[in-house]
Amino acid sequence: MNKNFLEHQLNFNRRRFLSQLSMGVGGVALGSLLMPDLFSGKNVAEANLSPGIPDFAPKAKRVIYMFQNGAPSQLESFDYKPKLTEMFGQELPASIRGEQRLTGMTANQSTFPLVGSFAGFKQYGQSGAWISDLFPYTSKIVDDICIVRSMHTEAINHDPALTFFQTGAQQGNRPSMGAWLSYGLGSENKNLPAFTVLLSRGVGNGQGVYSKLWTNGFLESIHQGVQFSSGENPVLYLKDPDGMNREDRRKMLDNLAAMNQLSYDKFGDPEITSKIQQYEMAYRMQTAVPEIMDLSSEPDNVIKMYGPDCLVPGTYAANCLMARKLSESGVRFVQLYHQGWDQHGNLPYEITKQAKDVDQASAALVSDLKQRGLLDETLVIWGGEFGRTNFSQGTLTPDNYGRDHHPRCFSIWMAGGGIKPGIVYGETDELGYNVIKDPVHVHDFQATVLNQLGLDHEKLVYKHLGRRFRLTDVSGKVVKDIIS
Amino acid sequence: MKINHLLVLVLSVCISIYTLNACTDSAAQGSEMPDVVDYNFHVRPILADNCFACHGPDAKKRQAGLRLDIAEEAYKALKENPTKHALVPRKPKQSEVYLRLITKDAELKMPPIDSKLSLTESQIEIIEKWIKQGAIYKPHWAFLAPKQAPLPDVDDEDWVSNEIDYFILEKLENNHVKPNPTADDESLLKRLSIDLTGLPPTTQQMDAKDNYEKQVDHLLASPKYGEKMAVYWMDLARFADSHGFQDDSYRSQWPWRDWVINAFNKNMPYNTFVSMQLSGDLMPNATKEHILATAFNRNHKITEEGGIVDEEYRVSYVADRTNTFSKAFLGLTMECAACHDHKYDPFSQKNYYQLFSFFNNVPEKGIESVVGGPETYAKKPFIKITKGEVDSLLQFISKKDTNELIVSVMGELEDSIRPTYVLERGAYDKLGALVFPQTPESVLPFNSKYPKNRLGLSQWLFDKKNPLTARVFVNQIWQEFFGKGLVKTPGDFGMQGALPTHPELLDWLAVDFVNHGWDIKHLIRKIVTSATYKQSAVISKEKYEKDPENVLMSRAPRFRIKAEFIRDLILASSGLLNQSIGGPSIKPYQPEGLWEGATSGRGILSIYKQDHGFDLYRRGLYSFVKRTVPPPAMTIFDASNRDQCQIERLPTNTPLQALVLMNDPTVLEASRVLGAKLLENKHPLKDKLSQAFRAIVCRKPNEKELVLLDNYYHLLAKSMTKAKAEKLLKVGEYPIKPQLDKVQLASLMQVIASIYNLEETFSRT
């Protein structure tokens, strides 16, 4: 990258450019710096510069991450363990439990009775993957997805585990995955943020979400996830006040620009010109965002695919459909959080409803992207922050039980974006307690996601407090076997 | 062995290593080859960034037994090849350090290819020249106690107002740059008022045309000064109104915030101010006020998530205190040594846990209670504050109707001392060697006369020989008034931090500050009465091209004011501002559904219950901070989420900020209320517009600006209907006088709202 060229392009933003360079930000960050995107706050006007510069040819351009917040049980979804049903009520052998630490919720439990899935399992598709009866729609797309049954993590409680998944560290104010991608790749759409967040809540036990999960951390705040919501203000403060129409806003901005220009003539501060640009971009966003949020133009067959809930704002199904629209419009990272998977007790009843809540729309999103030819370039991820124990938390009865948090193994699935379709990766022991083949650590998962977007997780760094930080902290290996 | 070496390096380097463009601080600073290469300013930044991770202080990760951060070690014969030396003074061609940089042999090349690091040509030249000149090492500048250098000679003595200016002007003259002329009175008053009180000058202040010194006296004496300073201190002290994890329920730490405001207003000396917060409970004859001050170290996040491992979290609280202490008061990144020896600075992991042990004796738990009623608003140890105390000893606590308040504070275990161990890889359950309270000797050894507790730690911190304490604080204050510190990494005075732009000035101010009894107002007065501070903020093209970062300070910096002060300016200029000081945090207008959408439904903070009446118009520093959903109008303007100690905010310029100022009810209501006030007076329209502009921008508009405003008003009035006006006026809860002409008011309101959107309005110019 020719520095003179950059400086030429960035003439009146030279100050920030230099401060970035002086922080030792590498070429990757320069990529995003060059982006004439809305949320970069950078002022490359409408220059025709290419978007971010990946380290190598990317398989995926965008990510949609359907986070199942609360930790869905792998034993009632994708990790079939008939042995557990056979051993119903028997004690978990100490040899298997090993030194696994327990949460405060079961640490004092005197027995650890094994319990199998109340829901049945069947094999589906050419891959013959086992999927529980709670996920009839997901089972229909089984040949499009890659199920990873060997995920494992370090945290055993929600807050740190979620934070670990999203930022690579259990504590601390580090940038979230979407913020890293915004930083590394910039935005594809100059009227929309690179990183958007959609929240919903199911019927099950909820665990809350936190804005630190979409934080920019020590990166500039332009990389922060922007929360989109249903209702009249899909983005905070987007809607003009009652009584003001678009023409009024235009007049206001014209006058404002003229006044700001006078100020620029006086002070010569490039930030003033930048401010004028930011107002223009805000104005464009006021049109672009509501267009995206409007689901009324979606054809009936699409509505049918996602299910009737997708017309109810704020539901998971509506968010899935919106995720497709945002992604289709070039939003780099769409992060969904769906609360309600924390089944410590009353699991059979709760998880049935919770699964029903997400199954159809999750599968529909994959099929919808596929029929639009977008699945190849969109990485879709479905999963929670850890797994659940193979023994019952609380009293075990023939038809009721609960499961506590379990970090040693859990299942997620991925689709599109250069991930091998129709495979099952990794294996757990017959009691579903430990990974016995092809373990995938959270940092490995993160490294793989970045890899699919053309970014080397060891190169995407930011220097802060004298240290170069990265999403995968100090570890992480790309899981090559699941990449096509 | 070489391959092995590389492998170990790749596996071990905890810092992910990469720069495509090796434009580090050093390169940015030294665009020209210096005549005399200085270790601290030219060489060390290069070595620290590229070499120390494997050839530095971290003993476990050290490669080939070679240390390049200490002269004697670097001059020694190489352990792996005793015929060779890493450094041979004056002989680069015999120095392996240089030879390994220029070699074409990929096996020998340093830094190793796998590290993804590389040096630029000019960096290699600097190393070469340094070796030629004798490869002279110097101790790290920040670890040597500051000394007051004589004031430098300058040509233009007339420009100088006080000592600061000598140092600034010397550098300007050396670079053949002239300082900007003094700013005009209006700009200067706005700057001073915002910098000292966080509020714009009132119309009366603008009309008074007092001389500058009188304005300084007046503003420094204003109780608003304490509120302004508290904002910075609340970031540093990670103050918030919620516990911070998961359900993130309420905590009642705000009496500590009131104490901080009061302490700044009383101009409590910095050493007392900090000592009370670190160790007030251990001081002889400690009063309730002393104990309240220690809430500083309990402002960190505390979990209420059922099922967590108690010790894991308790350890994290101690670590938070340790990290905050290092960053806030010493400007050090000690936290890097929590898991291993520091990679760049001379702190071992043992040093870290020795410091940690000062904070490890608190009778606290990782989790004391889950989300619940008032008894959970503070965690043990806490103090109870009664109404009687608020009426007598603790009058600065602003809540007269209270029965009893509880505040989490510091304390010590009574019968025992909790042993502290080095925690291997920082894991709470991997206990290593037993350690005892001790401070890092590379900064200043712990005087054996000091008690080995937090009280002794405060004494060590304010020991006159401590090289960091005064410098770090002076730098923080400089940053408050110039947007950036003299050391532009205020949290890192270590090897990887930025070097001071004006080292002699920093030291002069630090020594002067200590000599004046750590008098904060003395320091601030010195800064704001300097000619440097009073320069205009106009950026000429020439200066911008020569010095875009304004490193030389040939002009006043121009920067957006903090989020809290944006709110303050809106409320003050419209006349809505509630002037009361302190008290429980308040909940102003906020977009609907934010708390509700992010909660599990537990606790009193699961629903946002907006305040009403005069509480809606409190200053920004009183806005309620729920850590997991901080107030968006604040964070969009780069406010801290109060997760951890923070001593600088990264300013951004984004469209979301435009949306806030265009559509936040706070702005629209203020526009309506100011409009109504102006409509009531009988002045002609242009005067009204001029008054609005002056109240908000803090100067009179010029003719061109007035014409634009006037035209805009008429454009609006032309298309304004009564129906439209009524809709526009329906914003905010502050009542409207019914007799006012709605069409006129709505038009005027729109013009005023546009003034609130001017770039200049929220710029410190």
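## A tour of chains A and B

Begin where the two chains meet in this predicted model: 75 residues of chain A are in contact with 84 residues of chain B. On the side of chain A that touches chain B, select helix H2 (14–22), helix H7 (158–167), helix H9 (246–267), helix H10 (270–293) and strand E19 (467–470), each of which supplies at least two residues. H9(A) provides the largest share of that side, with 10 residues. If you colour this side of chain A by residue class, you will find 28 nonpolar, 29 polar and 18 charged residues.

Staying in chain A, select strand E2 (residues 121–124) and strand E3 (residues 129–132), which run antiparallel and are joined by 4 bridges. Tyr124(A) stands opposite Ala129(A) of E3(A), and in the hairpin that E2(A) and E3(A) form, with 4 residues between the strands, Gly125(A) takes a positive phi near 65°.

Next, display the largest nonpolar core, which has 318 residues and in which Cys146(A), Val148(A), Trp413(A), Met414(A), Val407(B) and Val474(B) have the most contacts. Helix H13 (residues 347–371) of chain A gives the largest share of this core, 10 residues, while domain 2 (185–221) and domain 3 (663–764) of chain B each contribute at least three. Centre the view on Trp413(A) and, setting aside neighbours within four places in sequence, look for its contacts with Phe78(A), Ile145(A), Cys146(A), Ile147(A), Val148(A), Trp382(A) and Gly383(A). A second, separate core holds 25 residues, among them Leu47(B), Cys54(B), Leu87(B) and Tyr98(B).

Now show chain B by itself, with its 33 helices and 8 strands. Its radius of gyration is 28 Å, close to the 27 Å that the globule rule gives for 765 residues, so chain B is as compact as a globular protein of that length. Along the principal axes, the C-alpha atoms of chain B fill a box of roughly 95 × 65 × 45 Å, and buried residues account for 55% of the 765 residues in the chain.

To look at its parts, colour domain 1 (2–138), domain 2 (185–221) and domain 3 (663–764) of chain B separately. The centres of domain 2 and domain 3 of chain B, taken over C-alpha atoms, are 25 Å apart, and 9 residues of domain 2 are in contact with 5 residues of domain 3. On the domain 2 side of this contact, helix H9 (185–197) and helix H10 (203–208) of chain B each give two or more residues, with H9(B) giving the most, 5 residues.

The peptide bond from Met110(B) to Pro111(B) is cis, with omega near -10°, and Pro111(B) sits in the loop between helix H6 (96–102) and helix H7 (121–132) of chain B. Another cis peptide bond joins Lys380(B) and Pro381(B), with omega about -5°; Pro381(B) lies in the loop between helix H17 (349–358) and strand E3 (382–386) of chain B.

Arg425(B) is exposed, with 10 other C-beta atoms within 10 Å. Trp518(B) also has a positive phi, near 55°, and is found in the loop between helix H21 (503–515) and helix H22 (520–528) of chain B; Trp518(B) is buried, however, with 20 other C-beta atoms within 10 Å.

How values were computed:
Residues numbered from 1 in each chain as written. Chains lettered and ligands numbered in written order. Predicted model: local features only at pLDDT ≥ 70, side-chain atom pairs only at ≥ 80, totals over all residues. Contact = placed C-beta atoms within 7 Å. Nonpolar A, V, L, I, M, F, W, Y, C, P; charged D, E, K, R; others polar. Pairing = 2+ DSSP bridges. Domains from an automatic or database assignment. Rg over C-alpha atoms; globule rule 2.2 N^0.38 Å. Buried ≥ 20, exposed ≤ 12 C-beta atoms within 10 Å, placed from the backbone. Core = buried A, V, L, I, M, F, W, Y, C linked by C-beta atoms within 7 Å.
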